[in-house]
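Colleague: Could you walk me through this fold? I have a few questions ready.

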Amino acid sequence: MDVILLERVEKLGGIGDVVTVKDGFARNFLLPRKKALRANEANKKVFEANRARIEAENAARRSDAEAEAKTFGDVTVTLIRQASNTGQLYGSVAVRDLVEILEGEGHKVTKSQVILDKPIKAIGVYEVRVALHPEVVVTVKVNVARSPEEAEMQAQGVDVMSQMFERDEAGFTEDYDPNAEPGATAEAQPEEQQA
């Protein structure tokens, strides 16, 4: 289906572009959210008549989003979650969690603006994009840890998981006899096997 875009849509085009998209994408996303019009002659005339107003409204929304983006700066949010010894979270960090903590810090963010490419299921520091406007995107650092102390270490750049599982560098190796019974040591074996 051919549609006329009423705002910039990532990976499709900008205002006024006539693009071909799949029917379901147009019917279920672009048209209901007023991001596009069907590309027929009547709608092309309506769009051209209102083009200046649509571009002015878009510019006003973009300037508001740019002002909001300046309040973000280098925002880092910390989430304390329960996790296993291997660093896997019991559950995951969802978009809803990020929206709640950002709103708690005074930022105006909706669930549809947070772009979480894949769910966060392990402790660590992640970068999450927030699209305040189709043309204004900010990056928020999300620090997921098991305790405030661990979060502080991760914020300083320490890989907590690699520190937890440091290798034993003492050089100690245990004698191993391939003929020994399971659980038996070299001294505890019968005399006929030691000979």
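Predicted model: local features only at pLDDT ≥ 70, side-chain atom pairs only at ≥ 80, totals over all residues.

Modeller: Residues are numbered from 1 along each chain as its sequence is written, and side-chain values use heavy atoms, with hydrogens and water left out.

Colleague: Happy with that. In which order do the 4 strands of the open sheet come?

Modeller: Helices (H or I, at least four residues) and strands (E, at least two) are DSSP runs numbered from the N terminus, and two strands pair if DSSP finds at least two bridges between them. E4 (76-80) and E6 (114-115) stand at the edges, each with a single partner strand, so one side of each has no neighbour in the sheet. The pairing is mixed, and the order is E4-E9-E8-E6.

Colleague: How many bridges join E8 to E9?

Modeller: One of the residue pairs to look at is Val 130, whose bridge partner in E9 is Val 138. E8 and E9 run antiparallel, and the number of bridges joining them is 9.

Colleague: At which residue does helix H2 bend?

Modeller: The bend at a residue is the angle between axes fitted to the seven residues ending there and the seven starting there. H2 covers residues 41-72, and its bend of about 60° is at Asn 50.

Colleague: And what angle does the direction of H2 make with that of E8?

Modeller: Axes are lines fitted to C-alpha atoms, for helices over the stretch in contact, and angles run from 0 to 180 degrees between N-to-C directions; contact means heavy atoms within 4.5 Å. H2 packs on the sheet, where it touches E8 and E9. Its direction and that of E8 make an angle of about 150°.

Colleague: Is Val 21 buried or exposed?

Modeller: Val 21 is found in the loop between E2 (18-20) and H1 (23-30). Leaving aside neighbours within four places in sequence, its contacts are Met 1, Val 3, Leu 12, Ala 26 and Leu 30. Buried means under 20% relative accessible area, exposed over 50%, and partly exposed in between (1.4 Å probe, protein chains only). At a relative accessible area of 9%, Val 21 is buried.

Colleague: Last one: are the rings of Phe 25 and Phe 29 stacked or edge-to-face?

Modeller: Rings of Phe, Tyr and Trp (its six-membered ring) pair if their centres lie within 6.5 Å; planes under 30 degrees apart count as stacked, over 60 as edge-to-face and the rest as tilted. A search of the whole structure finds 1 aromatic pair. Phe 25 and Phe 29 are 4 residues apart in H1, separated by about one helical turn. Their ring centres are 5.3 Å apart and their planes at 15°, so the pair is stacked.
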